[in-house]
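Welcome, and thank you for taking a look at this one with me.

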Amino acid sequence: MIPNLSRPTGTIRVGVLGAGFISDYHIRPLRAVAQVEVTAVCDADRQKASACQKRWKIPQYFSSLPEMLRSGSVDVVHVLTPPSTHASAARACMESGCHVFVEKPMAVSSAECEQLKACASRSQRTLGVNHNAAFHPAVLRLLQMARNWRLGAIEHVTACVNVPLRQLWAGQHDHWIFREFGNIILEQAPHPLSQIQLLLGPVRECASTVSGLTHLETGVPFHDTWQVSLVCERGTAQLLLSFGREYMENSLHVIGQDGSAFVDLRRNTIRISEKSRFLDPVDNLRDAFRNSGTVLTQGVSSFVGYCLAFLNLRPSGDPFPLGISNSIQSFYDDLRSEERRVGKECRSR
């Protein structure tokens with residue numbers, strides 16, 4: 001049975017496991033979620049835990065997860081530790097009676113993911129994963145367009161993640177993403193894959209090609225380019241993952257029955273082209289005028305938002321923290337809905 005989260009104060013108590021840089025991106029939006037309070041932070045590095053507690057004025061800090069769980073001071077735990085520890089930490093939290101919101105990737109193998117799902121079902125806890133790229137502001141706008149059938153049925157998606165990696169250039173090859181072959185995929189691939197599955201449904205078939213093999217200073221083999229072909233429930237997709245490049249590109253090209261959309265995730269803009277009754281030369285000019293105005297408007301809006309945030313006149317409009325904030329809000333909305341559903345079932349018995 002899911003415990004009653006509505007205490008006399010109506011507050012859900014949250015513990016943050018892991019006080020690294022990502023913790024700030026969780027704690028800040030948590031303070032804006034109604035009836036949620038961060039009551040504890042935990043990190044194996046006691047100094048990091050203490051510093052985080054002081055920075056955010058959190059009531060308690062701990063240096064071990066069992067200690068935090070035994071304290072009875074949290075109802076939900078955000079698991080922000082390295083991916084190799086996600087499964088064991090999330091399982092311990094759920095078995096102790098806490099709901100869990102874990103950073104992506106959920107775990108480092110499909111077997112671990114299935115074990116966590118079974119644990120959530122067995123313990124009747126809610127398990128959420130922070131797929132913040134699925135809550136990117138431009139992706140949310142695209143989903144609304146898709147619901148309004150602007151593109152017709154979506155048939156194909158091409159995703160591109162072409163990114164520099166400062167750690168790769170700087171020779172910081174002891175970072176987690178370089179320690180084992182494939183870690184870079186666990187770190188980067190969940191973002192575009194979560195977006196592809198939102199648009200096309202679960203992946204049914206997958207084939208990949210890798211290239212650009214080098215050996216890091218640690219001796220670990222590293223491929224800088226991965227090309228992936230996917231067959232999903234409602235269409236097909238292609239994914240390019242390319243690392244250590246000089247130019248940053250992060251985009252989605254979505255093709256539907258009645259039109260296409262190019263989503264520039266880096267710039268938070270969308271360009272739409274739709275079927276037209278006009279001849280090609282006229283339609284091409286019409287499309288250029290319409291999209292130039294639309295993209296310019298989006299660009300100006302982003303720039304004005306940046307300036308206002310810089311002057312502390314409004315919250316940051318950066319898509320990365322906004323995506324995490326939207327993801328966290330969705331998790332707690334679902335948690336409250338589940339609590340209300342269970343409460344109704346109990347009253348009807």
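1. A residue is called buried under 20% relative accessible area, exposed over 50%, and partly exposed in between. Please keep in mind that this is a predicted model. With that cut-off, N312 is exposed, because its relative accessible area is 69%. You will find N312 in the loop between α11 (280–310) and α12 (319–348). Its phi is positive, about 60 degrees, although N312 is not a glycine.

2. Q35 is not a glycine either, and its phi is near 60 degrees, a positive value. Its relative accessible area is 46%, so Q35 counts as partly exposed. As background, most residues other than glycine have a negative phi, and most peptide bonds are trans.

3. On peptide bonds, have a look at the step from K104 to P105: this bond is cis, with omega near -5 degrees. P105 belongs to the loop between β5 (99–103) and α5 (110–123).

4. Now for the overall picture. The chain holds 12 helices and 13 strands. Its radius of gyration is 22 Å, close to the 20 Å given by the globule rule for 349 residues, so the chain is as compact as a globular protein of that length. The C-alpha trace spans about 70 × 60 × 45 Å along its principal axes. Of the 349 residues, 47% count as buried. Among contacts between residues at least 6 apart in sequence, 65% join residues at least 24 apart.

5. Which residues have the most contacts inside the largest nonpolar core? They are V157 and V254, in a core of 40 residues. Helix α6 (residues 137–147) gives the largest share of this core, with 6 residues. Beyond its neighbours within four places in sequence, V254 is in contact with several residues, including L142, L151, I154 and V157. Another core, of 25 residues, lies apart from the largest one, and among its members are A89, C98, M106 and C119.

6. Is C42 buried or exposed? C42 counts as buried, because its relative accessibility is 2%. This cysteine sits in strand β2 (residues 36–42). Leaving out residues up to four places away in sequence, C42 touches V16, L17, G18, A19, F62, S63, S64, L65 and M68. C42 and M68 are 26 residues apart along the chain, and their C-alpha atoms are separated by 7.1 Å.

7. Finally, the surface and charges. The chain exposes about 18000 Å², with 55% of it supplied by carbon and sulfur atoms. There are 37 positive and 32 negative charges, and their mean positions are 7 Å apart.

How values were computed. Residues are numbered from 1 along each chain as its sequence is written. This is a predicted model: local features need pLDDT of at least 70, side-chain atom pairs count only at pLDDT 80 or more; totals for chains, interfaces and linings use all residues. Side-chain values use heavy atoms; hydrogens and water are left out. Helices (H or I, at least four residues) and strands (E, at least two) are DSSP runs, numbered from the N terminus. The radius of gyration is taken over C-alpha atoms; the globule rule is 2.2 Å times the number of residues to the power 0.38. Buried means under 20% relative accessible area, exposed over 50%, partly exposed in between (1.4 Å probe, protein chains only). Contact means heavy atoms within 4.5 Å. Accessible areas come from the Shrake-Rupley method with a 1.4 Å probe; for residues, only the protein chains shown count as cover. Lys and Arg count as positive and Asp and Glu as negative; His and the chain ends are not counted. The place of a charge is taken as NZ of Lys, CZ of Arg, CG of Asp or CD of Glu. A nonpolar core is a set of buried Ala, Val, Leu, Ile, Met, Phe, Trp, Tyr and Cys residues joined through side-chain atoms within 4.5 Å.
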